[in-house]
Amino acid sequence: MANEEDDPVVQEIDVYLAKSLAEKLYLFQYPVRPASMTYDDIPHLSAKIKPKQQKVELEMAIDTLNPNYCRSKGEQIALNVDGACADETSTYSSKLMDKQTFCSSQTTSNTSRYAAALYRQGELHLTPLHGILQLRPSFSYLDKADAKHREREAANEAGDSSQDEAEEDVKQITVRFSRPESEQARQRRVQSYEFLQKKHAEEPWVHLHYYGLRDSRSEHERQYLLCPGSSGVENTELVKSPSEYLMMLMPPSQEEEKDKPVAPSNVLSMAQLRTLPLADQIKILMKNVKVMPFANLMSLLGPSIDSVAVLRGIQKVAMLVQGNWVVKSDILYPKDSSSPHSGVPAEVLCRGRDFVMWKFTQSRWVVRKEVATVTKLCAEDVKDFLEHMAVVRINKGWEFVLPYDGEFIRKHPDVVQRQHMLWTGIQAKLEKVYNLVKESMPKKPDGQSGPARLVSGDQRVQVAKTKAQQNHALLERELQRRKEQIQASSVLPGLRIKEEPVSEEGEEEEEQEVEEPMDTSPGSGLNSRLANGLPAVRAAGGDSFNGHPPPGCASTPVARELRAFVEATFQRQFVLTLSELKRLFNLHLASLPPGHTLFSGISDRMLQDTVLAAGCKQILVPFPPQTAASPDEQKVFALWESGDMSDQHRQVLLEIFSKNYRVRRNMIQSRLTQECGEDLSKQEVDKVLKDCCVSYGGMWYLKGTVQS
């Protein structure tokens with residue numbers, strides 16, 4: 001008791017077990033380095049792995065400009081390894097030992113006692129380690145040098161002996177045939193060290209992409225080290241109800257269990273279902289029912305279940321269609337399964353079923369012949385898709401089985417917005433796979449089709465007219481304010497505004513036509529008012545995009561939030577494709593609280609204009625004709641000026657990639673030296689390459705443009 005009083009409890013920390021990376025997380029132990037240097041600061045030239053052996057090989061650059069580096073020794077090693085003639089197959093193309101290879105070895109086979117810990121906001125998250133690998137320097141270049149030395153000696157000896165010795169006499173050769181190998185001899189040969197080494201050497205290397213500590217993909221994967229159920233609203237294995245604790249303390253006898261009737265293997269009672277974790281309950285219910293309103297799901301799970309936890313769990317196994325939840329295709333068709341009708345693999349079935357679900361987000365009705373024509377699947381598979389979520393109507397087609405749930409759409413706009421973004425991504429994939437004509441998604445923010453025949457056309461026109469009359473005064477004031485701003489700023493002397501009247505259908509259109517007179521005089525100053533090809537009047541808020549204010553207008557909260565996101569993103573990553581930028585923006589939206597201003601809807605045009613207004617430029621990379629990159633992946637944006645010392649180097653590098661899809665390092669080095677002077681150090685070249693490029697197969701590409 002006295003010891004407990006002397007050592008009081010200062011703080012209690014909740015510990016969570018994260019399993020997302022339990023089968024994929026490895027710990028790499030590097031050789032000792034100075035405390036001021038981390039391995040993320042060293043450029044990783046290449047990485048490859050042998051998955052079966054769990055063997056990793058990394059190639060890292062050596063700082064040849066360090067005062068502790070012996071340049072004469074590095075030149076001697078490169079000469080011994082590659083000889084006097086250096087070509088593309090040489091180990092050290094710079095005739096200097098400027099890189100080092102690290103090869104891994106397993107420290108222990110049992111890693112069950114080890115875990116990676118992440119402390120975040122008073123919580124400790126543990127992830128079990130799948131393996132621990134020690135990386136040690138590899139001296140294979142010495143073997144290559146010895147082999148070249150032996151070859152040179154053999155060539156010299158052969159040249160000397162050929163002058164003195166005469167042609168050898170013909171000798172008789174005895175041919176022997178080996179006896180059949182017995183089973184015991186074969187087993188000894190298979191278990192021998194030589195055979196195992198040969199088998200390990202035959203396994204091919206798989207090249208990997210290395211992403212640094214500050215890369216967006218590293219930040220995304222690092223989120224998996226956090227337990228998703230750490231908020232406490234979901235059931236975990238360590239939380240049991242009183243009845244479950246009683247069952248654990250006093251389990252039923254075996255006789256009582258024998259008396260119970262044996263149920264079929266595919267039948268699960270509600271009592272048994274409620275003993276499972278919440279995520280498993282939702283998955284089993286959706287897999288059996290396939291289509292369900294959220295209210296019905298809550299009634300099946302019980303009144304004590306928190307709706308927030310259910311919403312989080314349902315989005316992992318189902319998609320929102322017309323306000324109702326439909327089970328995901330990969331839940332019904334696992335990865336290694338196939339169609340019982342045609343034998344088509346699960347990947348093709350999931351794609352076809354996603355197309356049917358997406359069609360129901362567009363309309364209440366789907367025609368089976370249209371689905372079969374687009375997906376190229378047999379009639380039985382298409383019928384199974386439709387029977388999961390629709391009912392057939394004679395002479396009409398297939399109608400979605402449940403009515404439109406407008407109440408759920410109204411109560412949960414944040415969930416609806418996330419589902420809309422997911423459907424937008426699925427639509428882009430379907431259009432690419434099935435070569436569909438690009439269709440516009442529904443204008444409703446939730447992306448779901450509303451109930452059919454809800455209001456007539458005349459009623460909609462009347463509602464639009466009423467809304468236009470209510471907003472007329474507000475629009476007049478806004479238009480007058482814009483006129484005064486343009487006249488006061490005098491951005492362009494020949495500016496004229498053309499006002500369009502309100503349309504009869506109630507849709508108010510507001511356009512500004514800017515007429516720019518031809519002025520070729522040096523003092524016109526027109527180029528100084530252009531930002532990435534955009535007139536300054538447009539960047540100041542004289543245009544609108546899809547009903548939203550332009551990104552340059554800093555008076556709106558949406559524009560300010562979007563501008564702040566774009567500037568922060570490009571300060572971390574200097575080069576981004578439009579596809580990668582949209583992915584990062586969707587991750588940013590998912591982290592925002594419900595009701596945030598950015599959920600009002602951001603178009604691709606608005607996002608691109610914000611990037612250009614933030615001091616970035618679009619790099620017209622000449623992609624090869626046979627590239628598999630999508631149009632969004634071919635739009636590359638880069639931060640032109642960040643205010644640091646590397647701006648000039650980065651601009652020269654970006655100009656190189658505006659004419660070449662891939663470039664060798666020596667070309668980049670020579671161009672930077674030509675433009676920036678002879679005093680350019682290797683560290684500065686490595687920094688600009690690390691900021692903007694990736695290396696693959698000995699060539700350098702802009703980030704996001706390499707297609708492996």
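Visitor: How many salt bridges does a search of the whole structure find?
Guide: The search finds 20. A salt bridge here is a side-chain nitrogen of Lys or Arg within 4 Å of a carboxyl oxygen of Asp or Glu. This is a predicted model, where local features need pLDDT of at least 70, side-chain atom pairs count only at pLDDT 80 or more, and totals for chains, interfaces and linings use all residues. Residues are numbered from 1 along each chain as its sequence is written, and side-chain values use heavy atoms, leaving out hydrogens and water.

Visitor: What makes Arg217 and Glu580 a salt bridge?
Guide: Their N to O distance is 3.9 Å. The limit is 4 Å, so the pair counts. Arg217 sits in helix H6 and Glu580 in helix H22 (residues 578–590), so the bridge ties together parts 363 residues apart in sequence. Helices are DSSP runs of H or I with at least four residues, strands are E runs of at least two, and both are numbered from the N terminus. Arg217, Glu580 and Arg583 are linked in a network of salt bridges.

Visitor: Why is Glu580 called buried?
Guide: Its relative accessibility is 10%. Buried means under 20% relative accessible area, exposed means over 50%, and partly exposed lies in between (1.4 Å probe, protein chains only). So Glu580 counts as buried. Arg217, at 38%, is partly exposed.

Visitor: How do you know that Arg563 and Glu567 are separated by about one helical turn?
Guide: They are 4 residues apart in helix H21.

Visitor: Why does Ile173 count as exposed?
Guide: Its relative accessibility is 71%. Ile173 is in the loop between helix H3 (140–164) and helix H4 (183–190).

Visitor: Which residues form a nonpolar patch with Ile173?
Guide: Val175 and Phe177 do, and together the three have about 430 Å² of accessible area. Patch residues have over 30% relative accessible area and no salt bridge; nonpolar side chains (Val, Leu, Ile, Met, Phe, Trp, Tyr) are joined within 5 Å, like charges within 9 Å. Areas come from the Shrake-Rupley method with a 1.4 Å probe; for residues, only the protein chains shown count as cover.

Visitor: Where is Ala564 found?
Guide: Ala564 is in helix H21 (residues 557–572). Its relative accessible area is 41%, so Ala564 is partly exposed. The C-alpha atoms of Ala564 and Ala614 are 9.1 Å apart, though 50 residues separate them along the chain.
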